[in-house]
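Thanks for coming. I have one structure to go through today, so please look at the screen.

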Amino acid sequence: MELSGKKALVTGGARRIGRAISLALAQAGCEVVVHYHRSGASAINLAAKLRRENSTALALGADLRRPEECRRLVDQAWRALGGLDILINNAAVFEKHDLQRTGARILYATMAVNLTAPVLLTRYFAKRAKKGKIVNLLDQRIGACRSDGVAYVLSKRALADFTTMAAFDLSPEITVNAIAPGPVLPPTSAAHREPAGAIPLQHRPAPEDIVRTLLFLLHSDAITGQVIFVDGGQHLLG
């Protein structure tokens, strides 16, 4: 796909990886809808920055825990841009709870945002778009047996399975792929960095590494149903 002039919706597009993705898509010539839930000021400021740089961009708020909000977000983005070509399912919630502390509230809340919302957004996007690209953001934890975020890991593993299911179901018009980042450094403060753990390549991935992989998947018309780990090889450690 040639990205110039294409129209993209990025969920959770105002901060961290989402912000890097929104910026990269705009720089590639895309018109961008920056979705937000609680980061309204960041999303509005980012959209304004992109417009100052001669990109078409706007911020739209939606609570992805609510199915009706997922539909409304796609409808509003479609009307605002006059169509959609790209959907980036990046928004996610993460609570670091082991099995003994993972109750129904955490399970339902995590699954609603990390799994149900991407499934519904994909469905609504596919109903409207005749051709397009979808990329889901996962986590390298899907390849490990760690139990420090049970609900989160389960939701991301399910989203990985959904990626391959949707890729088959929506072909040949729409490609569906996923990126599984490692412990990506936040683009701002170092105070909130996660301990990275062992990394075989001794290169902790940065947002730029995720963006390069994303652009590769969007440009390619011969790849679908793939999960690419961008984690310095950390998933190999199990």
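**An aromatic pair and an aspartate**

Phe94 is partly exposed, with a relative accessibility of 35%; the scheme is buried under 20% relative accessible area, exposed over 50% and partly exposed in between, with a 1.4 Å probe and protein chains only. Before I go on: this is a predicted model, where local features need pLDDT of at least 70 and side-chain atom pairs count only at pLDDT 80 or more, while totals for chains, interfaces and linings use all residues. Residues are numbered from 1 along each chain as its sequence is written, and side-chain values use heavy atoms, with hydrogens and water left out.

How many aromatic pairs does a search of the whole structure find? There is 1. Its ring centres, those of Phe94 and Tyr152, are 4.7 Å apart with the planes at 75°, so we call it edge-to-face. For the cut-offs, rings of Phe, Tyr and Trp (its six-membered ring) pair if their centres lie within 6.5 Å; planes under 30 degrees apart are stacked, over 60 edge-to-face, and the rest tilted. The partners are 58 residues apart, with Phe94 in the loop between strand S4 (86-89) and helix H4 (104-128) and Tyr152 in helix H5 (residues 150-170). Helices (H or I, at least four residues) and strands (E, at least two) are DSSP runs, numbered from the N terminus.

Tyr152 is buried at 9% relative accessibility, and Asp139 is buried at 8%. The side chains of Asp139 and Tyr152 make a polar contact at 2.8 Å, meaning a pair of N or O atoms within 3.5 Å; within protein, one must be able to donate a hydrogen and the other to accept it, and residues adjacent in sequence count only if both atoms are side-chain atoms.
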